Amino acid sequence: MGLSMAGQLTHQAVSHALKGIVARVLQIPESTITDDARITDLSLVESIKLLRIAGRIERTFGIEFDNEVLFRTGTLSEVADEIYRLCVQEREKVA
Amino acid sequence: MSALVPAGVRTLGEMFVRASESHPGQVVGTFFPGRCLTFHELVRDGRLAAARLRSLGVEPATPVAVLLQSPVDFLRITGGIALAGAVMVPLAVSTGFTKAFLSRMRHVLADSGTRFAVIDDPYAEPLAELVPGLRVVPLSRLAGPYAHLLDDGDSDGDGGVMEPPQAGDDDLALIQYTSGSTSAPRGVALTHRNVLAGLRAIQRGVDARAGDVTCHWLPLSHDMGLFSTLAAIGGGIAVHVSAPQDFIKRPDDWLRRFCDLRATVYLGPAFGYGHLLDSVPPEDVPGFDLSAVRVMLNGAEPIAPELITAFQERFAPAGLDPRAMTPCYGLAEATLAVTFTPVGQEARVDWVDRDVLNDAGRAEPADRGALAARGIVSCGVPAPGVEVRIVKDGVEAGERAVGDIEVRGEPVMRGYHGQAPLPAGGWCPTGDLGYLAGSALHVTGRRKEMIILGGRNHYPEDVEARVRRVAGLYRGRAVAVVLPAGHGTGRPERIAVLAEAATARPPHGPLVSDLRAAAAGELGGASVDVVLLGRGGLLRTTSGKFQRLLMRDRLLAGTLDRVLEHVTAEERVRSAA
């Protein structure tokens, strides 16, 4: 599910895709993941799972993503902001 | 012909020179951006780096810290330091200079007296600013394409032959800082004799053969990664190393590349095998060819019996020989290798009665299906040149008695850097607990308060130092303890943070969330149990010292008083107020 298609890239779409990735890797229902939650608030997070989440983010959005961003006390919406910023930056490079 | 470091070689520098003379075309490579160096090129670059280090003031026995991300560059500079007769101090590189990284760096430099550090160019200036008094050498100064321009004339710049200065085999070769907490790091001081004996122990343990290909993803600042790679070079064997993140983020691509390289020897901690199981579903397995794999070393952290059988069954359709899985045991204090499951023998699990093990400290054989049965994976028998004994109440314990594991032999350090050497007789306590059955070692636990997450050591005192700075605590009072794995419940080993809340009034969600996020910062993102207590709830001795183990035992028994809230690592934190 690549999101790098032209025009599809809204902050809302990024946030939704991010929640999907987090829910799948942590194996928890997507509904329990709210924008204001931190990833470290979620259940049984481990460094391996965060690296796996970072790997999926890179594949889904076609960007380089540092896994430390995930637990540097930011909420999920802040992580989505960072992904959105990197996507826009990536596109400017290509354009 | 088994691939051993030749008998006459007595220092790391001689090993590099001999490897390039006997196996000039053999390669050291990375994984994805397929960058390779032949042994000849590796030692040629090493000689140039040694000459340049000397021109910068590095003399024999001078410690030099190495913080390089690419495994190939790391090995070029390892060769350079060895050929200069200097002392290697490998350090892990964290992408950004986090506070924790800098604090650890300063303690290590103070403990080792290191005044030189070789680092990738982009980080040279920032590090020099952050650690004044340290002579920071960018990699390009030693091994870059233009480094020869800075040579001051005397060396002819294209590898003037320079024999390694006579570092004796009892001179210091390396100080390894993988044990000890951030504030009190302990440097494992290894001489050339220790290191070479350790490399030969690894080679014999895996029955290294010409034609082997070693592949792994461990950082070379970690003893398992560094010494298994040096053992390959010393034996004239090809070795390919990837960055850890490449394995974790793209395990299926990594495994495909591993098959293309026709790897025969793999090594890594238990969680790596779990990661491959999670990432390669059964239907994808036939697409891989693992028939060339001879040995898969499994060490550095506790091994669950079911992980071994699950891995063997999952990858059998890829042609993986079930005997390849080779549980082993080792530690930095013994250079690396202590015991191996003999090559060609399947991994063995010793089923014992859990209650007799915990209460009487004895490994009583039990039927595998019994309710109270616990499977302990055998780590095999001591490598040649290494002895293992179990000590209980100061006396060597008998067969199947659980006690402190101690090791002795030529690969074992004489002591921690700057501290009193080990007592006569050279038995080195490992801090691990276990028993011998026949001559096979079984590890059952750990005496030192530490937890291994993702193959890396983490210490409660480091988590404590971090969480005490969280706002909302009463006088910054918090402690951290290690909760043992629940063998019955399948709950993994984890850390619990016990903290006094400034206010007893709910909601406590935001404070719990802040504590968990702070601890995660120290544990690479791992979540912890959080126990909030009222003011004065933490138990202390009359002298004011926190009684951590007493609180842990009461927490486990459910008899800890003044608990306002207990959120376990599995639960979700309601951080919104």
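This briefing describes a predicted model of a complex and its chains A and B. The predictor assigns the complex an ipTM of 0.79 and a pTM of 0.84. Chain B contains 16 helices and 29 strands, whereas chain A contains 4 helices and 0 strands.

**Confidence in chain B**

- The mean pLDDT of chain B is 90, and 95% of its residues reach 70 or more.
- Among the elements of chain B, the highest mean pLDDT, 98, belongs to strand β17 (residues 381-382) of chain B. The lowest, 79, belongs to strand β25 (residues 456-458) of chain B.
- Over residues 155-161 of chain B, pLDDT stays under 50. For this stretch the model has 7 contacts beyond four places in sequence.

**Overall form of chain B**

- The radius of gyration of chain B is 25 Å, which agrees with the value near 25 Å for a compact globule because the chain has 577 residues.
- The C-alpha trace of chain B spans about 75 × 55 × 55 Å along its principal axes.
- Of the 577 residues in chain B, 56% are buried.
- When contacts in chain B between residues at least 6 apart in sequence are considered, 71% join residues at least 24 apart.

**Surface and charge of chain B**

- Chain B exposes about 22700 Å², and carbon and sulfur atoms supply 53% of this area.
- The side chains of chain B include 59 positive and 65 negative ones, and the centres of these two sets lie 5 Å apart.

- Thr229(B) is located in helix α8 (residues 223-234) of chain B. Its relative accessibility is 0%, so Thr229(B) counts as buried, the cut-off being under 20%.
- Leaving out residues up to four places away in sequence, Thr229(B) touches Leu75(B), His216(B), Leu220(B), Val239(B) and Val241(B).
- Between Thr229(B) and Leu357(B) the sequence separation is 128 residues, and the C-alpha to C-alpha distance is 37 Å.
- Asp45(B) belongs to helix α2 (residues 39-55) of chain B. With a relative accessibility of 7%, Asp45(B) likewise falls under the 20% cut-off and therefore counts as buried.
- Apart from neighbours within four places in sequence, Asp45(B) is in contact with Leu37(B) and Arg76(B).

**Fold and form of chain A**

- Along the sequence, the elements of chain A follow the pattern α-α-α-α. Chain A has a radius of gyration of 13 Å, close to the 12 Å that the globule rule gives for 95 residues, so chain A is as compact as a globular protein of that length.
- The principal axes of the C-alpha trace of chain A have spans of about 40 × 25 × 20 Å.
- Buried residues account for 54% of the 95 residues in chain A.
- Of the contacts in chain A with a separation of 6 or more, 54% are between residues 24 or more positions apart.

**Surface and charge of chain A**

Conventions. Residues are numbered from 1 along each chain as its sequence is written. Chains are lettered from A and ligands numbered from 1 in the order in which they are written. This is a predicted model: local features need pLDDT of at least 70, side-chain atom pairs count only at pLDDT 80 or more; totals for chains, interfaces and linings use all residues. Side-chain values use heavy atoms; hydrogens and water are left out. pLDDT is the predictor's confidence in each residue, from 0 to 100. Helices (H or I, at least four residues) and strands (E, at least two) are DSSP runs, numbered from the N terminus. Contact means heavy atoms within 4.5 Å. The radius of gyration is taken over C-alpha atoms; the globule rule is 2.2 Å times the number of residues to the power 0.38. Buried means under 20% relative accessible area, exposed over 50%, partly exposed in between (1.4 Å probe, protein chains only). Accessible areas come from the Shrake-Rupley method with a 1.4 Å probe; for residues, only the protein chains shown count as cover. Lys and Arg count as positive and Asp and Glu as negative; His and the chain ends are not counted. The place of a charge is taken as NZ of Lys, CZ of Arg, CG of Asp or CD of Glu.
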